[in-house]
Amino acid sequence: MKLHIFNPEHDVALAADMRTFTAPHAARELRADLGFLPALWASDGDLVLVDDVCTAVEAVRHLKQYAHEVVFVSDADLAKVPIDFSSLTVEPWGWDSALKYRLLCINETFDNVVPSDDELNRIRGLSNRLFAAHKVLPLLVSLSERFLGESLYFEDNAELLSTILMGKEKSFVLKAPWSSSGRGLRYVNNDFTNHVKGWCANIIQRQGGIMIEPQYRKIKDFGMEFFVHNDAHIEYLGLSVFSTVHGAYNANVIATEEIKREMLSRFVPVEFLDLIKTHVISILTPLFKDAYTGPFGIDMMIVSVNNQPDLYIHPCVELNLRHTMGHVALALSTLQSSDPKRLMAIEYLDKYHLKVSLAGDDLAIPYQL
């Protein structure tokens with residue numbers, strides 16, 4: 001049996017690296033409103049930890065056709081109900097020190113099934129953008145002349161960073177080593193303002209450095225989703241075709257693998273996708289051995305360079321050692337090839353909602369997801 005946990009504050013918790021951590025308000029709302037999400041990929045009979053059981057039961061009712069027969073439990077339930085830890089595993093959205101401490105505060109016998117502090121430190125290190133930039137991206141870029149991407153780690157003072165960037169007459173994106181969707185990014189277009197300089201100084205002080213990457217003319221967002229098993233075997237789960245706005249998640253296509261491959265083939269040869277998939281597995285298998293088990297996803301993008309007729313692939317924009325919205329979309333993808341494409345989005349009205357709707361044929365057009 002598994003205990004599933006949706007902790008969307010995970011990326012911010014990694015950055016803070018504190019046991020006692022107060023998640024941002026938006027993350028707390030996401031957890032409260034969408035805590036039922038693991039019911040989409042859990043097995044029948046699994047447990048799903050939620051803030052409020054009644055709210056979760058009502059929320060999942062609208063997605064009953066996709067959900068499994070899980071048991072929703074609260075912190076209070078786990079504190080008083082006897083748990084057989086010999087047969088229980090915990091699968092959160094992502095592992096971090098704050099989540100471990102939360103579980104231990106609920107029930108100290110969770111100590112038998114949560115990662116050790118050393119394991120959590122390894123996960124945090126692998127989640128640093130510096131790891132993907134140095135260990136994954138260069139190897140993938142070297143596979144083809146149609147692959148590109150570079151990332152520089154800067155750990156000096158923000159004043160020097162301003163001098164360096166403003167002297168190159170190019171556009172850059174600055175990234176915090178640990179950050180959540182779209183929140184740890186700043187774009188520099190020959191305008192290194194005092195506000196951006198102050199943000200950089202703060203990130204360098206708190207996280208030790210900052211990533212500097214070129215801005216590209218993005219045509220299409222996509223990604224690949226994987227799962228690392230206990231025997232270190234990396235399983236490929238499928239493509240994620242999605243959209244972002246200034247780096248923040250917007251929506252995902254729900255379709256068969258065949259349809260998603262066809263969508264991307266309008267921009268680049270599908271052989272490139274297979275090449276990337278194969279080498280992601282070969283590169284990360286030895287690096288994750290005895291260091292990480294669980295889900296991960298790699299965000300990628302198709303870009304245009306200097307108006308050349310051929311488009312290029314950035315094969316590793318970001319590596320996420322956790323569940324992603326791509327995993328959620330795959331859990332909803334029970335389509336046959338003849339079924340229409342659908343669109344999954346997170347909407348905020350009075351609260352956060354997971355919306356699944358029919359999608360038109362314009363999904364291949366940039367930014368029209």
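Colleague: In which helix is the place of N202?

Modeller: N202 sits in helix α10, and please keep in mind throughout that this is a predicted model.

Colleague: Why is N202 called partly exposed?

Modeller: Its relative accessibility is 30%, and since buried means under 20% and exposed means over 50%, with partly exposed in between, N202 counts as partly exposed.

Colleague: How far apart are N202 and A158, in sequence and in space?

Modeller: The two residues are separated by 44 residues in sequence, while their C-alpha atoms are 8.9 Å apart in space.

Colleague: What makes the packing of α9 and α10 oblique?

Modeller: Helix α9 (residues 158-166) and helix α10 (residues 194-207) pack at an angle of about 125°, with their axes 9 Å apart. Angles of 65 to 115 degrees count as roughly perpendicular and those over 145 as roughly antiparallel, with the rest, once those under 35 are also set aside as roughly parallel, being oblique; α9 and α10 are therefore oblique to each other. Their crossing is right-handed.

Colleague: Which residues make that contact, and how do they divide by class?

Modeller: On the α9 side they are A158, E159, L161 and S162, and on the α10 side K197, C200, A201 and I204. By class, the contact of α9 with α10 has 5 nonpolar, 1 polar and 2 charged residues.

Colleague: At what angle do the axes of α11 and α12 cross?

Modeller: The axes of helix α11 (residues 257-265) and helix α12 (residues 270-288) cross at roughly 115° and come within 8 Å. R261, L264 and S265 of α11 meet V270, L273 and D274 of α12, a contact with 3 nonpolar, 1 polar and 2 charged residues.

Colleague: How many disulfides does the structure hold?

Modeller: The structure holds 0 disulfides.

Colleague: Why do C54 and C105 count as exposed?

Modeller: The cut-off for exposed is over 50% relative accessible area; C54, at 62%, therefore counts as exposed, and C105, at 52%, therefore counts as exposed as well.

Colleague: Are D290 and N307 buried or exposed?

Modeller: With exposed set at over 50%, D290 is exposed because its relative accessible area is 68%, and N307, at 70% relative accessibility, likewise counts as exposed.

Technical notes. Residues are numbered from 1 along each chain as its sequence is written. This is a predicted model: local features need pLDDT of at least 70, side-chain atom pairs count only at pLDDT 80 or more; totals for chains, interfaces and linings use all residues. Side-chain values use heavy atoms; hydrogens and water are left out. Axes are lines fitted to C-alpha atoms, for helices over the stretch in contact, and angles run from 0 to 180 degrees between N-to-C directions. Helices (H or I, at least four residues) and strands (E, at least two) are DSSP runs, numbered from the N terminus. Contact means heavy atoms within 4.5 Å. Ala, Val, Leu, Ile, Met, Phe, Trp, Tyr, Cys and Pro count as nonpolar, Asp, Glu, Lys and Arg as charged, and the others, Gly among them, as polar. A crossing is left-handed if the near helix is turned anticlockwise from the far one by less than a right angle, and right-handed if clockwise. A disulfide is a pair of cysteine sulfur atoms within 2.5 Å. Buried means under 20% relative accessible area, exposed over 50%, partly exposed in between (1.4 Å probe, protein chains only).
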